[in-house]
Amino acid sequence: MLKYNVRGENIEVTSALREYVEKKISKLEKFFEDTSNSTAHVNMKVYSDKNAKVEVTIPLPYLVLRAEETSPDMYASVDLVTDKLERQIRKYKTKVNRKSREKGFKNLDFVPSETEEAPEKSFDIVRTKQVSIKPMDSEEAILQMDMLGHDFFIYQDAESDGINIVYRRRDGRYGLIEASDIE
């Protein structure tokens, strides 16, 4: 069962609102075998124009789900963000299953974890991320990158075992950087 961390900015998170969020997001658990060590981070915000924004991040052992939605009603935003997360899960599972059948992979996992540290004054590092690099192909890496909403993604190539980076180009297409040892 998922744990929940529900925060509000410019809004008090009432018990009714918290229960609604937990009820809606708990429906996503049916897609996963074990969510006992996972926490759903929910951030709710109300803007001065009365729009309500809901951001949800769920780091799982093999996937990070993230979605955000804005609408005039907080409950509607929760519904919309839950629908978006469900679409992400279905798309991910379909693609992973297809790729694993084609390539014969037993396990395509990605385990990112974020840690925030005090910034180094001389280099102005404001955030540090640690990622566990798992074997996958470039299409799976692009899918992960898109699901996280990032412009690049680092992964281990399943065929060559080399460290690669996929990135989104300004023209909307994708690029690939293959790292090699300097001899």
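Predicted model: local features only at pLDDT ≥ 70, side-chain atom pairs only at ≥ 80, totals over all residues.

Author: Residues are numbered from 1 along each chain as its sequence is written, and side-chain values use heavy atoms, with hydrogens and water left out.

Reader: What makes Tyr20 and Tyr75 an aromatic pair, and which kind is it?

Author: Rings of Phe, Tyr and Trp (its six-membered ring) pair if their centres lie within 6.5 Å; planes under 30 degrees apart count as stacked, over 60 as edge-to-face and the rest as tilted. The structure holds 1 aromatic pair. Its members are Tyr20 and Tyr75, with 4.8 Å centre to centre and 75° between the planes, and it is edge-to-face. Tyr20 lies in helix H1 (residues 15-26) and Tyr75 in helix H2 (residues 74-103), so the pair ties together parts that are 55 residues apart in sequence. Helices (H or I, at least four residues) and strands (E, at least two) are DSSP runs, numbered from the N terminus.

Reader: Why is Tyr20 called partly exposed?

Author: Buried means under 20% relative accessible area, exposed over 50%, and partly exposed in between (1.4 Å probe, protein chains only). Tyr20 has a relative accessible area of 21%, so the label is partly exposed. Tyr75, with 33%, is partly exposed too.

Reader: How do you know that Asp146 and Arg168 form a salt bridge?

Author: A salt bridge is a side-chain nitrogen of Lys or Arg within 4 Å of a carboxyl oxygen of Asp or Glu. For Asp146 and Arg168 the N to O distance is 2.3 Å, and the side chains meet in a salt bridge. Asp146 lies in helix H3 and Arg168 in strand S9, so the pair ties together parts that are 22 residues apart in sequence. Asp146 is partly exposed at 32% relative accessibility, and Arg168 is partly exposed at 29%.

Reader: How many salt bridges does this rule give?

Author: The count comes to 12 salt bridges. One of them joins Asp171 and Arg173, whose closest N and O atoms are 3.0 Å apart. Arg173 has 54% relative accessibility and therefore counts as exposed, whereas Asp171, at 42%, is partly exposed. Lys53, Glu55, Arg66 and Glu68 are linked in a network of salt bridges.

Reader: What joins the side chains of His41 and Asn5?

Author: A polar contact is a pair of N or O atoms within 3.5 Å; within protein, one must be able to donate a hydrogen and the other to accept it, and residues adjacent in sequence count only if both atoms are side-chain atoms. The side chains of His41 and Asn5 are joined at 3.4 Å, by a polar contact. His41 is found in strand S2 (residues 39-46) and is partly exposed, with a relative accessible area of 34%. The C-alpha atoms of His41 and Val6 are separated by 6.2 Å, although the two residues are 35 apart along the chain.
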